[in-house]
Amino acid sequence: GDSGIIVLRHIDSDVASALQRNRTTPRTERKSDLRIAFVSQQQLKSFNHPYQMGWTGEEVVDKNSSFKQASDSCTSSVHILRGDIIIMATDGLFDNVDIDDIASIALKWELDNGFIDNGGIDTRRRRWESGSSLTDISAQCIPTLAEMLCQKARENSLDNTVDSPFALLAKENDIMWSGGMPDDCTVVAMHVVGKPANLNDVQ
């Protein structure tokens with residue numbers, strides 16, 4: 001089925017990227033400068049019909065088949081920075097949770113575990129300069145972020161009162177669908193901290 005990857009990044013004037021800074025909301029009123037740095041491209045034959053990688057037991061000769069080889073996939077690259085959060089997931093997540101909501105959940109995870117605070121990335125930068133990366137705390141609690149995202153996807157998939165990203169896209173394709181999209185969901189979360197984890201020396 002369909003899977004994707006997104007990279008979340010806190011931005012400021014020192015970060016060069018293709019990100020769009022929020023210039024309409026005063027800085028003192030902004031809840032976060034966590035932004036989407038990268039989103040992988042969907043690869044669909046048609047709506048809700050993603051290309052597949054697999055073996056059918058025989059050679060596929062039909063050029064219109066959904067079965068493709070790895071060499072047929074769209075490839076891209078993105079520079080990763082210290083502090084980035086990387087989310088890889090199946091469409092069970094992205095069909096049910098808006099990307100902005102994913103960013104909000106990731107921000108809550110950062111705040112709950114002390115990676116940033118109300119001082120934002122300036123406080124984080126000073127902590128880095130003092131030699132504290134919270135590397136081992138990150139290694140221990142990053143599975144929690146994946147669990148939070150899976151739980152949110154499950155809740156939204158069973159909610160018929162709010163249109164999910166899947167429902168919105170369905171309606172754009174003249175398919176009447178409301179609420180969430182029940183589906184299996186796999187999420188892998190990574191946190192770029194800059195140092196290897198050492199469980200005997202928490203910094």
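Modeller: Let us begin with a term: a helix is a DSSP run of H or I with at least four residues, a strand is a run of E with at least two, and both are numbered from the N terminus. Please also keep in mind that the structure above is a predicted model.

Colleague: How many helices and strands does the protein chain have?

Modeller: The protein chain has five helices and six strands. Along the sequence, their pattern reads β-β-β-β-β-α-α-α-α-α-β.

Colleague: Which contacts should I look at to see how the protein chain is folded together?

Modeller: Look at the contacts between residues at least 6 apart in sequence; in the protein chain, 71% of these join residues at least 24 apart. One pair of positions illustrates how sequence and space can be compared. Asp183 and Thr90 are 93 residues apart in sequence, with their C-alpha atoms 9.4 Å apart. Asp183 is placed in the loop between α5 (165–172) and β6, and it touches Asp91 and Gly92.

Colleague: Is Asp183 buried, partly exposed or exposed?

Modeller: The general idea is a scale: under 20% relative accessible area is buried, over 50% is exposed, and partly exposed lies in between. Asp183 has 36% relative accessibility, so it counts as partly exposed. For the protein chain of 203 residues, 36% of the residues count as buried.

Colleague: Where do nonpolar side chains tend to be in soluble globular proteins?

Modeller: In soluble globular proteins, such side chains tend to be buried together. In this structure, the largest nonpolar core has 26 residues, and those with the most contacts inside it are Ile87, Leu93, Leu145 and Leu149. At least two residues of this core come from each of β1 (3–10), β5 (85–90), α1 (91–94), α2 (99–112), α4 (135–157) and β6.

Colleague: What does Leu145 touch, leaving out residues up to four places away in sequence?

Modeller: Leu145 touches Ile85, Ile87, Ile105, Ala106, Trp109 and Ala189.

Colleague: How many salt bridges does a search of the whole structure find?

Modeller: The general idea is that a side-chain nitrogen of Lys or Arg lies within 4 Å of a carboxyl oxygen of Asp or Glu. The search finds four salt bridges. One of them joins the side chains of Asp84 and Arg9, at 2.7 Å from N to O. Asp84 is in the loop between β4 (49–50) and β5, while Arg9 is in strand β1, so the pair ties together parts 75 residues apart in sequence. Asp84 is buried, with a relative accessible area of 1%, and Arg9 is buried too, with 5%.

Colleague: Where do Lys108 and Asp112 stand relative to each other in helix α2?

Modeller: The general idea is that an α-helix has 3.6 residues a turn, so residues three or four places apart point the same way. Lys108 and Asp112 are four residues apart in helix α2, which means that about one helical turn separates them. They form a salt bridge whose closest N and O atoms are 2.7 Å apart. Lys108 is partly exposed, with a relative accessible area of 45%, whereas Asp112 counts as exposed at 52% relative accessibility.

Colleague: Where do Arg125 and Asp122 lie?

Modeller: Both residues lie in helix α3 (residues 120–129), three residues apart, about one turn of the helix. The side chains of Arg125 and Asp122 meet in a salt bridge, with 3.0 Å from N to O. Arg125 counts as partly exposed at 29% relative accessibility, and Asp122 is partly exposed with a relative accessible area of 40%.

Colleague: Which residues of α3 are buried?

Modeller: In α3, the buried residues are Gly120, Ile121, Arg124 and Arg127. Viewed down the axis of α3, they fall within an arc of 110°, so they line one face of the helix. β1 is included in what covers these buried residues of α3. Arg126 and Glu129, on the other side of α3, are exposed.

Colleague: What follows α3?

Modeller: Gly131 follows α3, and its phi is positive, near 95°.

Terms used. Residues numbered from 1 in each chain as written. Predicted model: local features only at pLDDT ≥ 70, side-chain atom pairs only at ≥ 80, totals over all residues. Heavy atoms only, no water. Core = buried A, V, L, I, M, F, W, Y, C linked by side-chain atoms within 4.5 Å. Buried < 20%, exposed > 50% of the residue type's maximum accessible area, 1.4 Å probe, protein only. Contact = heavy atoms within 4.5 Å. Arc of directions from axis to C-beta.
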